[in-house]
Amino acid sequence: MEHLKTGEVISKRRKELGLTQNQLAKSLNISFQAVSKWENSTAYPDIEMLPKLAAALHTTVDALLGYRSVVADYDKRYEREDYYWGLLPNRICYDIMKLLPPIKPYRVLDIGCGEGRNAIFLAGLGHTVDAFDISAAGIEKAREGSHMLTIEEFSNVCRGSTKTLRYCAESCSYCFRRYFLSTWFTKFLSELIRVYKPA
């Protein structure tokens with residue numbers, strides 16, 4: 001994790017986008033003084049403001065809080081020519097096959113798909129798979145691997161976070177995830193409960 005204060009992250013990102021404090025403030029319907037206080041670390045954005053601020057700065061809440069290096073670490077792993085986790089699916093895929101034999105197609109959500117080995121395997125069984133990951137390099141490899149499959153089998157692979165869950169979780173038959181980034185686990189779990197909460 002980068003040891004940047006949130007204010008330093010806001011200031012750096014705002015300048016990268018060529019925005020003044022006033023322009024950023026107007027887009028958030030706040031005063032430029034509030035932005036100045038954030039950047040000088042004399043005040044912090046309200047928790048409800050973080051998603052709006054992240055969107056205005058074309059970044060994520062995780063990045064505002066200094067977690068960008070987690071993404072960079074995974075990008076570095078996946079930029080190698082070979083496959084970091086290998087090409088064979090995780091053994092849990094075979095456990096899923098025992099519980100839900102591929103006698104009919106299911107819609108599967110692969111959360112944190114990495115380079116796509118499990119998503120591609122499940123799609124190869126005839127399931128429709130939606131997959132996402134925070135790593136752009138991992139997604140690129142997953143897309144390359146998915147070219148072997150038809151569009152009906154491999155529905156969607158994209159870079160995303162827990163927000164992506166809202167897009168497809170309500171219509172999937174089951175969710176697949178072997179590992180979680182610890183900083184995302186609580187957010188993911190609360191979002192999963194929200195999406196699946198009985199009406």
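Colleague: How many helices and strands does the chain have?
Modeller: The chain has 11 helices and 4 strands; helices (H or I, at least four residues) and strands (E, at least two) are DSSP runs, numbered from the N terminus. This is a predicted model, in which local features need pLDDT of at least 70 and side-chain atom pairs count only at pLDDT 80 or more, while totals for chains, interfaces and linings use all residues. Residues are numbered from 1 along each chain as its sequence is written, and side-chain values use heavy atoms, with hydrogens and water left out.

Colleague: What makes Lys76 exposed or buried?
Modeller: Its relative accessible area is 63%, which is over the exposed cut-off, so Lys76 is called exposed. Lys76 sits in helix α6 (residues 68–78), and its C-alpha atom is 7.9 Å from that of Ala137, 61 residues away along the chain.

Colleague: And how do you classify Asn29 and Ser41, exposed or partly exposed?
Modeller: Asn29 has a relative accessible area of 72% and is therefore exposed. Asn29 is in the loop between α2 and α3, while Ser41 is in the loop between α3 and α4. Asn29 has a positive phi of about 60° although it is not a glycine. Ser41, not a glycine either, also has a positive phi of about 60°.

Colleague: Why is helix α8 described as largely enclosed?
Modeller: Because 6 of the 8 residues of α8 (residues 117–124) are buried, the rest of the structure largely encloses this helix. The buried ones are Arg117, Asn118, Ala119, Ile120, Leu122 and Ala123. Just after α8, Gly126 takes a positive phi of about 100°.

Colleague: What covers the buried residues of α1?
Modeller: The cover includes α2, α3, α4 and α5 (61–64). The residues buried in α1 are Thr6, Gly7, Val9, Ile10, Ser11, Arg13 and Arg14. After α1 comes Gly18, with a positive phi near 70°.

Colleague: Which residues touch the most other members of the largest nonpolar core?
Modeller: Ile10, Leu24, Leu28, Trp38, Leu53, Leu57 and Leu64 do, out of 14 residues. Such a core is a set of buried Ala, Val, Leu, Ile, Met, Phe, Trp, Tyr and Cys residues joined through side-chain atoms within 4.5 Å. At least two residues each come from α1 (6–16), α2 (21–28), α3 (32–39) and α4 (50–56). Of the contributors, α4 gives the most, with 4 residues. Apart from this core lies another, of 9 residues, among them Cys113, Ala119, Ala131 and Ile139.

Colleague: What does Leu64 touch, not counting residues up to four places away in sequence?
Modeller: Leu64 touches Thr6, Val9, Ile10, Leu50, Leu53, Ala54, Leu57 and Thr59, where contact means heavy atoms within 4.5 Å.

Colleague: Why are α2 and α3 called roughly perpendicular?
Modeller: Their axes come within 8 Å and cross at roughly 115°. These axes are lines fitted to C-alpha atoms, for helices over the stretch in contact, with angles running from 0 to 180 degrees between N-to-C directions. Angles of 65 to 115 degrees count as roughly perpendicular (under 35 as roughly parallel, over 145 as roughly antiparallel, the rest as oblique), so α2 and α3 get that name. Gln21, Asn22, Leu24, Ala25 and Leu28 of α2 meet Phe32, Val35, Ser36, Trp38 and Glu39 of α3.

Colleague: What makes α7 roughly parallel to α8?
Modeller: Helix α7 (residues 91–99) packs with α8 at an angle of about 30°, with their axes 10 Å apart. That angle is under the parallel cut-off, so α7 is roughly parallel to α8. Cys93, Tyr94 and Met97 of α7 make the contact with Asn118, Phe121 and Leu122 of α8. By class, this contact has 5 nonpolar, 1 polar and no charged residues; Ala, Val, Leu, Ile, Met, Phe, Trp, Tyr, Cys and Pro count as nonpolar, Asp, Glu, Lys and Arg as charged, and the others, Gly among them, as polar.

Conventions:
Buried means under 20% relative accessible area, exposed over 50%, partly exposed in between (1.4 Å probe, protein chains only).
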